[in-house]
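Please look over the sequence and the model before reading on.

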Amino acid sequence: MDVKSVGVIGAGQMGNGIAHVLALAEYDVLINDVNQDALNSAVATIEGNLARQASRGKITDEAMQAALSRIKTTMDLPQLGQTDLVIEAATEREAIKQAIFEDLQPHLLPHTILTSNTSSISITRLASRTDRPERFMGFHFMNPVPVMQLVELIRGIATDEETFSACKTVVDRLGKTAASAEDFPAFIVNRILMPMINEAVYTLYEGVGNVQSIDQSMKLGANHPMGPLELADFIGLDTCLAIMNVLHEGLADTKYRPCPLLTKYVEAGWLGRKTERGFYDYRGEAPVPTR
C-alpha cells in the first residue's frame, strides 16, 4: 500500500514532531486536536523548528516552505478518516485513545491504517476495539521526534504483514530506523529505560544521593547525555508514572512498582519541564534541583 496522506491526532510535543518529519518527507499531513490554541501552537513550533534546521544548513529554505505547505489542521476528527494512515499521539491514557478510535471509525476509508504512538499500552487491546485489528499497529516515535532516529513498530496479535510493510516503508522514507517490537508492556525502549528512571527516583527517595549527585553520577560515570532525573523531567513525570503503572500491572512483578516519591511529585502537579517544576525547578535562569 502506498501511503500519501497522514492524519496525526494530538498537537502536543509528540504530535507536532511527527507532523514535522512527515511533512519534510513529502507526506500530506492533517493534524487534529480538540483545542484550536494547541493546533496554532503546533504549527508555530513546527515553523520555528524547520527554520532552525534551515539556518543550520540541514534543509533548504525551499524544503522548509514546501513542508509547511503540506501541513493542515482541523478540530474535526472525522476529516482524518480520509487519510491513508492515522497516527494517534494523544494523552497516554487508554480510555482516551479507545474513545478517539471509536469516534473516528465510522469515517475511515476501507484501506486506512490505524496506528498509535503509545509508549506502553497494549496494541492488541487497542486494536480489538476497532473494525480493523489487522490494519492496526504501534508506531512509537522517540522524543524529540525530529532529532531521534529510532521508531518502534509494534505488531498486535492480528496485525497483517501488509500493514507492517506499509509502516516500515514510511519509517524508511523519514530517514529513520525501525525496530520491530513484540506487543508486551512498554515494548523495548521504555521496558528498559523507565525502570532505570524509577530506580533513580528510589535512589533519591532513600537518600542515597541528591538530585544533582544522581544525575552527575550517571552522566560522568555511565556516559549518559542526560541524567535520569533530568530525563524524567523532560519526558514528563506523569508519563513516567503511567508507563511504570502499565509495567507493574501488565507484568505483575514488584520490581516495576512505581517509587512513592514519583507518585508524590505527580500528585503535586510537579510534572517536569512542562509545568516548570519536577526534580528541577525551571522558573529561574537555570534549573535548580528540588531535593
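K274 is exposed, because its relative accessibility of 54% lies over the 50% cut-off. In this predicted model, K274 is joined to D238 by a salt bridge. The structure has 12 salt bridges. Side chains of opposite charge can pair when their charged atoms come close.

**K274 and D238**
- The N to O distance in the salt bridge between K274 and D238 is 2.9 Å.
- This pair connects distant parts of the chain, as K274 and D238 are 36 residues apart.
- K274 sits in the loop between helix 11 (260–268) and strand 9 (280–281), whereas D238 belongs to helix 10 (residues 237–251).
- D238 has a relative accessible area of 27%, so D238 is partly exposed.

**K219 and E230**
- In the salt bridge of K219 with E230, the closest N and O atoms are 3.7 Å apart.
- This pair also links distant parts of the chain: K219 lies in helix 8 (residues 211–221) and E230 in helix 9 (residues 228–235), 11 residues apart.
- K219 counts as partly exposed because its relative accessibility is 32%.
- E230 has a relative accessible area of 19%, which is under the 20% cut-off, so E230 is buried.

**R155 and E161**
- A salt bridge brings together the side chains of R155 and E161, with 3.3 Å from N to O.
- R155 has a relative accessibility of 23% and therefore counts as partly exposed.

Notes:
Residues are numbered from 1 along each chain as its sequence is written. This is a predicted model: local features need pLDDT of at least 70, side-chain atom pairs count only at pLDDT 80 or more; totals for chains, interfaces and linings use all residues. Side-chain values use heavy atoms; hydrogens and water are left out. A salt bridge is a side-chain nitrogen of Lys or Arg within 4 Å of a carboxyl oxygen of Asp or Glu. Buried means under 20% relative accessible area, exposed over 50%, partly exposed in between (1.4 Å probe, protein chains only). Helices (H or I, at least four residues) and strands (E, at least two) are DSSP runs, numbered from the N terminus.
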